[in-house]
Amino acid sequence: MFGVGEGAMLPVLALSARDLGASSAGAGLIVAMVSIGSLLSNIPAAMLATRFGERRAMVGAALFALLALAICLMARNPWMFGLGVFMVGLASAVFLLARQTFLIEAVPLHMRARAMSTLGGTMRVGMFAGPFAAAAFIQWLGLSGAYWVAIIAMMGAGAISLLVPDLETRKLTNGTPAPRPAMLGLMRTHAHSFLTLGVAAALISAIRACRQIVIPLWADHIGLDATSTALIYGLMGAVDMLLFYPAGKIMDTRGRLWVTLPSTVIMALSFLAIPLTTGFASLLTVSMVLGLGNGIGSGIIMTIGADCSPSEGRTPFLGIWRLITDTGGGSGPLVLSALTAAFSLASGVAVIGSMGFVASYMFWRWLPHRASA
């Protein structure tokens with residue numbers, strides 16, 4: 001439901017901003033406010049979830065998202081609209097972190113990868129379905145219809161979170177510790193995990209963020225029209241959703257490497273093949289292979305983060321982990337843009353693709369080579 005809400009509003013953010021008088025650059029900045037808000041609130045989100053518990057944090061995040069969407073609907077200028085969009089990003093960080101921690105605690109260890117893969121897969125299903133639901137409401141209500149879909153979805157997410165049973169409360173004997181020392185202590189204690197597997201996960205995030213940009217850019221580069229580009233992108237997204245549960249089962253039964261290596265290598269090879277495509281059929285083929293590689297890797301960042309996290313201080317650890325991976329996701333498009341400006345789009349795509357090989361080596365070096373459960 002949360003994915004449906006985000007998927008409904010994301011495609012129309014730029015159009016709404018333009019309708020309120022924002023320039024093209026301003027509209028782009030407003031769209032980026034979702035990611036910026038999420039990135040900046042990962043650590044505060046961990047503190048909130050630790051203090052109030054995962055279920056309350058999810059309910060609170062859904063309510064905060066409803067307030068943010070109401071601001072988006074009532075906005076009469078780009079600044080007010082940008083504030084609402086930024087607040088959606090804040091709510092997203094809290095909801096997603098609390099949801100992940102809740103599921104890690106609730107699911108048996110031997111089913112963890114399946115749980116994380118399903119979590120990632122259902123979010124993708126929601127993000128895929130959201131724009132279609134928004135399109136139906138837009139026909140009826142105009143652009144505001146997309147935000148009403150998001151409101152209904154967020155109400156559903158909040159209601160479900162309210163109804164699930166609470167996890168056992170983990171009480172501290174000497175009160176709540178100061179957040180900053182706890183975070184610094186976790187950073188020092190788990191520095192090796194953050195600097196190895198965390199960096200590898202950040203590289204995956206960078207590749208994933210860039211794939212959403214590379215396909216439309218390369219399609220335009222080779223002269224494809226908007227309809228063909230949308231079809232390629234849609235089919236890639238459909239393939240992306242197919243194999244998340246089988247991949248999770250393989251990770252649970254055979255080990256994490258059995259999925260992380262194929263996923264990263266397939267994505268890397270797909271990126272390197274994109275500059276070789278010259279028309280609709282070849283780009284569609286490569287894009288679907290890219291969707292396959294990304295799809296089988298659904299949940300791997302969350303699974304590896306869960307594996308590395310300690311039982312005490314898990315939520316703050318995952319807040320730091322999300323900060324690292326979200327930084328990778330935000331940096332990837334910037335690196336692609338810089339390389340494209342300095343050299344060419346093909347060069348930028350090739351460098352981003354090579355990150356997949358680096359990530360695969362890092363996983364091979366530091367992940368266990370057999371199932372631990």
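**A tour of helix packing and the nonpolar core**

Begin by selecting helix α5 (residues 54-74) together with α8: the axes of the two helices lie 9 Å apart and pack at an angle of about 165 degrees. The model on display is a predicted one. Because angles over 145 degrees count as roughly antiparallel, α5 and α8 are assigned to that class, roughly antiparallel to each other. Viewed along the packing, the crossing of α5 and α8 is left-handed.

Next, display the side chains at this contact. On the α5 side, select Arg55, Met58, Val59, Ala62, Ala65, Leu66, Leu69, Cys72 and Leu73. Facing them from α8 are Ser144, Tyr147, Trp148, Ala150, Ile151, Met154, Met155, Gly158, Ser161 and Leu162. Coloured by class, the contact of α5 with α8 shows 15 nonpolar residues, 3 polar and 1 charged.

Now centre the view on Trp148, which belongs to helix α8 (residues 144-163). Its relative accessible area is 40%, so Trp148 is classed as partly exposed. With neighbours within four places in sequence left aside, Trp148 is in contact with Leu73 and Leu141.

Select helix α1 (residues 2-9) and helix α7 (residues 112-141); their axes come within 6 Å and cross at roughly 45 degrees. At that angle, α1 and α7 are therefore oblique to each other. The crossing in which α1 passes α7 is right-handed.

For the last stop, turn to the largest nonpolar core, which has 100 residues. Which residues have the most contacts inside this core? They are Phe81, Trp321 and Phe363. Select Phe363 and show its surroundings: not counting residues up to four places away in sequence, Phe363 touches Leu197, Ala200, Ala201, Ile204, Leu257, Thr260, Thr264 and Ile304.

Terms used. Residues numbered from 1 in each chain as written. Predicted model: local features only at pLDDT ≥ 70, side-chain atom pairs only at ≥ 80, totals over all residues. Heavy atoms only, no water. Axes fitted to C-alpha atoms, helices over the stretch in contact; angles between N-to-C directions. Helix = DSSP H or I, 4+ residues; strand = E, 2+ residues; numbered from the N terminus. Parallel < 35°, antiparallel > 145°, perpendicular 65-115°, else oblique. Left-handed = near helix turned anticlockwise from the far one by under 90°. Core = buried A, V, L, I, M, F, W, Y, C linked by side-chain atoms within 4.5 Å. Buried < 20%, exposed > 50% of the residue type's maximum accessible area, 1.4 Å probe, protein only. Contact = heavy atoms within 4.5 Å. Nonpolar A, V, L, I, M, F, W, Y, C, P; charged D, E, K, R; others polar.
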